[in-house]
Amino acid sequence: MNVNWSEIKPNDGESPVCYSNRMGELYTETVTTTFKKFNGQFFTPIAIARFMSKQITSPLSDSISILDPGCGAAILSCGAIEYLTLNTKIKNVKLVTYETDINLIPVLERVLEYAKIWGVLHNVNIEYSIYNTDFILSNYSVLYPNMVYNTNDSEKFDLIISNPPYFKLSKEDMRVKAAQCIIDGQPNIYSIFMAISTLLLTAQGQMIYITPRSFTSGRYFRLFRNFLLKHIQIEFIHLFNTRKNTFSKDNILQETLVIMCSPKQLESNYITLSYSEELNDLDAPKTKTIKQEEIIDLSSKEQIIHLPKNTEDEKLIKLFKSWDGNLNKYHIQISTGPVVAFRSKGLLEEKFGANVAPLYWLHNVTKMVAVHPIDIEDKNKKQFIRIDKSAISTLLPNKNYVLLRRFSSKDDNSRLIAAPYFGNAAICPYVGIENKLNYIYRPKGHLNRMEVMGIAALLNSTLFDNYFRTFNGNVNVSATELREMPMPPLVVIENIGKELISINDFSIENVNYIVNKYFKLYE
């Protein structure tokens, strides 16, 4: 579909935001879904653009500089201009935009030229620049202030507003190499956008981003979180209670948030949390101001950001903070299953036999039950593995474990799905655990039956699942997060397990009944 963008004119009285949205929708019809996904293009809906603009605080002067990295069709730039023009005494706007998609540049030029004309009609002078270059590669030197190639003359901005691209980068990507100081493992490009932006703010500036909430926890984002919280203070976070509705046209399933930050200062340690069910209630979100230390432990190594959506979540966070135990303290470890199926393909067997061990996959584990073998249609997922010299390093001693899925699907009601595994389940010295499972164990010794049942019950409970959701916004269940998760006293864990074993009813209803009885949070 070829479009002559100069022929797509604004309607009489049309706002810049609406014109940008209309142009953006036309543009999306000219590219494939594959192209958009490859480039991380997810255009911002009007409701979110206007909501983000409402978070702008009044500038200290009648002039403001704005940066919109990865601006797409410039709907966020237009939203900021509209809000500032209609709600403040602003007279001059200097706007800098970055967009790598050359096909979007004609769209961007039309939209920003109209925004400039609209500004003149409202007595605001708007000057804009469009850079058809990569924002990260153009600005990464600010991450290295002491390096010889950093001239320390980067332009600073009073407002940075962005819906950055979202996609994972390979370790060989030039942008990963450029931002190595904030990267551990496989990064998502949006975090690099955020990191650079924090260093491009003026002393009184503010940064407003909409991103996935995956950066709030997990090992891969640890360095980024440490960097972010060192340089900025979070003033506002808005949560959406849906994966699908926020960017429904683009079928985005990640949970997203809007975050507003300012350069680090000492006088403020409060964060406003905002929450909406859908896009249509953004005009009247539920809000609450909370102390920073209640949701972020800045003294911890992980610096996980908890995001309670309601009073019950706040009670959960306080309950978990009251526990001083964790798996490591109880000499219990969690690791990822060592059998990588494609590397062990030649060792997999369909049936049990001599010198063969059972192999547990993700589909063998449901809440409180590990079933093996199980009927499955995929014949490539053979459920036994041969015991020989080449496989022995990937097999585990056949003893008691708690098996935990590393991933939840979009259809799962729970993020945490765990099952007890007892060594007497198979007459074999070894057991195989596939890479999409985590396993919990005691390295020096063994977990007794009460510990296995107690840990499995806690992980499967609504209590733990709801707590986990306060800091985890994706489908991954990280072993790092679970190592750090507070746990009740070990004697309580064992008592929960003992009670379940004595009743011999492992239904989730019974699990929740027993767990809730000990902690009385949901009475």
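This is a predicted model: local features need pLDDT of at least 70, side-chain atom pairs count only at pLDDT 80 or more; totals for chains, interfaces and linings use all residues.
Local features need pLDDT of at least 70, side-chain atom pairs count only at pLDDT 80 or more, and totals for chains, interfaces and linings use all residues. Residues are numbered from 1 along each chain as its sequence is written, and side-chain values use heavy atoms, with hydrogens and water left out.

**View A. Helix α1 meets helix α4.** Here α1 (residues 16-28) packs with α4 (residues 75-87) at about 170°, their axes 8 Å apart. Helices (H or I, at least four residues) and strands (E, at least two) are DSSP runs, numbered from the N terminus. Axes are lines fitted to C-alpha atoms, for helices over the stretch in contact, and angles run from 0 to 180 degrees between N-to-C directions. The pair is therefore roughly antiparallel (an angle over 145 degrees). Look for P16, V17, S20 and N21 on α1, and I75, C78, G79 and E82 on α4, which make the contact (heavy atoms within 4.5 Å).

**View B. An open sheet of four strands.** The order is β10-β20-β17-β18, with antiparallel pairing; two strands pair if DSSP finds at least two bridges between them. At the edges sit β10 (333-336) and β18 (418-421), each pairing on one side only. On average, neighbouring strands are turned by 25° against each other, direction ignored.

**View C. Strands β17 and β18, with helix α12 on the sheet.** Antiparallel strands β17 (residues 401-405) and β18 are joined by four bridges; L403 has A419 of β18 as its bridge partner. Helix α12 (residues 449-460) packs on this sheet and touches β17, β18 and β20 (437-441). The direction of α12 makes about 170° with that of β18.

Conventions
Angles under 35 degrees count as roughly parallel, over 145 as roughly antiparallel, 65 to 115 as roughly perpendicular and the rest as oblique.
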